Amino acid sequence: MRRVSRIAVAGVATASLAVVLSACGGSSTEASSGGSAKTKGIGLAYDIGGKGDQSFNDAAYAGFQKAENDLKISGRDIEPQDGESDADKVQRLEQLAKSGYNPVIGVGFVYAPAVKEVAAKYPKVTFGIIDDEQDKAANVADMVFHEEQASYLAGVAAAKATKKDHIGFVGGVDIPLIHKFEAGYVQGAQSVNPKIKIEKQYLTQTPQEGGFSSPDKGKDAAEGQIEAGADVIYAAAGLSGQGVIQSAASHKVWAIGVDSDQYKQDALAKYKDYILTSATKDVAGAVYNLAKSVADGKPATGVVRASLATGGVGLADSNPAFKNNADLQAALKKAEAGIKDGSITVKTS
């Protein structure tokens, strides 16, 4: 698994924020506020790609940091390991729960079996899982998002920005979650131009093959789509998306980022002029809000779903070329209103 330099995500930019080291290895950090391992605090276990992906995991880290700072609690965050099993994930979550962390959050659907097993053993601990809603236990919060809605807007933006009526989509892994991104993107683009040409590629069939953690795979896919004629490419591929952005910048075409506002990520600064926008989802807010609910003595459980209407998903507007494009913004405003009032139903597959 490839790694990039670790960065600290300084803040949480999305709107809805208004609203252990385990035996199998890993790295961890402790809050500067100092709390002992048995003090109530937040435990966070990262998804494939780990912290420093400038995307999904870094959004979770931003919420983790905010919880530490604002709630004055301790915290421990742990990196994934190459080739790890579900048993390794179980061990990691158990260590966090045993050490007194509450809530304990698994970042990503790959934690579903582990959260189900460990939550049953620690009924007094609140567990959270991002991007999965299979576990209906009384002490589990299933934090999920309408990714397809933000992706629809990304498709509208791509169709408005292309000069060739030819765009692309790169998915990290061929799974239902990423199908939601593709479905929304394609529908949004076709709402602008029914005849638009759309390249589509998934990097791997399983997460273990590196679809979410291999910038080189993302770069190769983008190179192929650009060679085929695409001049706007949307990547829903975690760390692999960095390769898509690098390729787009080198060919001076548009990339659309995902999960975090990738235009603002320090590690991607040299490519930012070619990051049109990013389809964001407020993973940071989900992490923070769960930690706050536990700190307030009213733990959130059950399905917690974020949408365009709640401010939990959307498009970033940090790039002036995107924000100041009046025609594009008018189309997005109309699409957003349609999704919110129900006149547009966005597909999920």
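Trainee: At what angle do H4 and helix H10 pack, and how far apart are their axes?

Mentor: Two packed helices are described by the angle between their axes and the distance between the axes. This model is predicted. Here H4 and H10 (residues 326-341) pack at about 155°, with axes 10 Å apart. Angles over 145 degrees count as roughly antiparallel, so H4 is roughly antiparallel to H10. The crossing of H4 past H10 is right-handed.

Trainee: Which residues make that contact?

Mentor: From H4, Gln149, Tyr152, Leu153, Val156, Ala157 and Lys160. From H10, Asp327, Leu328, Ala331, Leu332, Ala335, Glu336 and Ile339. The contact of H4 with H10 has nine nonpolar residues, one polar and three charged.

Trainee: How do H4 and H5 pack?

Mentor: Use the angle and the axis distance again. H4 (residues 147-161) meets H5 (residues 176-192) at about 40°, with axes 6 Å apart. That angle makes H4 oblique to H5. H4 passes H5 in a right-handed crossing. Among the contact residues are Ser151, Tyr152 and Val156 in H4, and Phe181, Gly184 and Tyr185 in H5. The residues of the H4 contact with H5 divide into ten nonpolar, six polar and four charged.

Trainee: Which residues touch the most other members of the largest nonpolar core?

Mentor: Phe127, Ile130, Ile178, Tyr185 and Tyr234, in a core of 85 residues. H4 supplies the largest share of this core, nine residues.

Trainee: What does Ile130 touch?

Mentor: Leave out residues up to four places away in sequence. Ile130 then touches partners including Phe56, Ile105, Phe109, Met143, Phe145, Val283 and Val287. A second, separate core has 19 residues, among them Ile226, Ile233, Val244 and Tyr263.

Technical notes
Residues are numbered from 1 along each chain as its sequence is written. This is a predicted model: local features need pLDDT of at least 70, side-chain atom pairs count only at pLDDT 80 or more; totals for chains, interfaces and linings use all residues. Side-chain values use heavy atoms; hydrogens and water are left out. Axes are lines fitted to C-alpha atoms, for helices over the stretch in contact, and angles run from 0 to 180 degrees between N-to-C directions. Helices (H or I, at least four residues) and strands (E, at least two) are DSSP runs, numbered from the N terminus. Angles under 35 degrees count as roughly parallel, over 145 as roughly antiparallel, 65 to 115 as roughly perpendicular and the rest as oblique. A crossing is left-handed if the near helix is turned anticlockwise from the far one by less than a right angle, and right-handed if clockwise. Contact means heavy atoms within 4.5 Å. Ala, Val, Leu, Ile, Met, Phe, Trp, Tyr, Cys and Pro count as nonpolar, Asp, Glu, Lys and Arg as charged, and the others, Gly among them, as polar. A nonpolar core is a set of buried Ala, Val, Leu, Ile, Met, Phe, Trp, Tyr and Cys residues joined through side-chain atoms within 4.5 Å. Buried means under 20% relative accessible area, exposed over 50%, partly exposed in between (1.4 Å probe, protein chains only).
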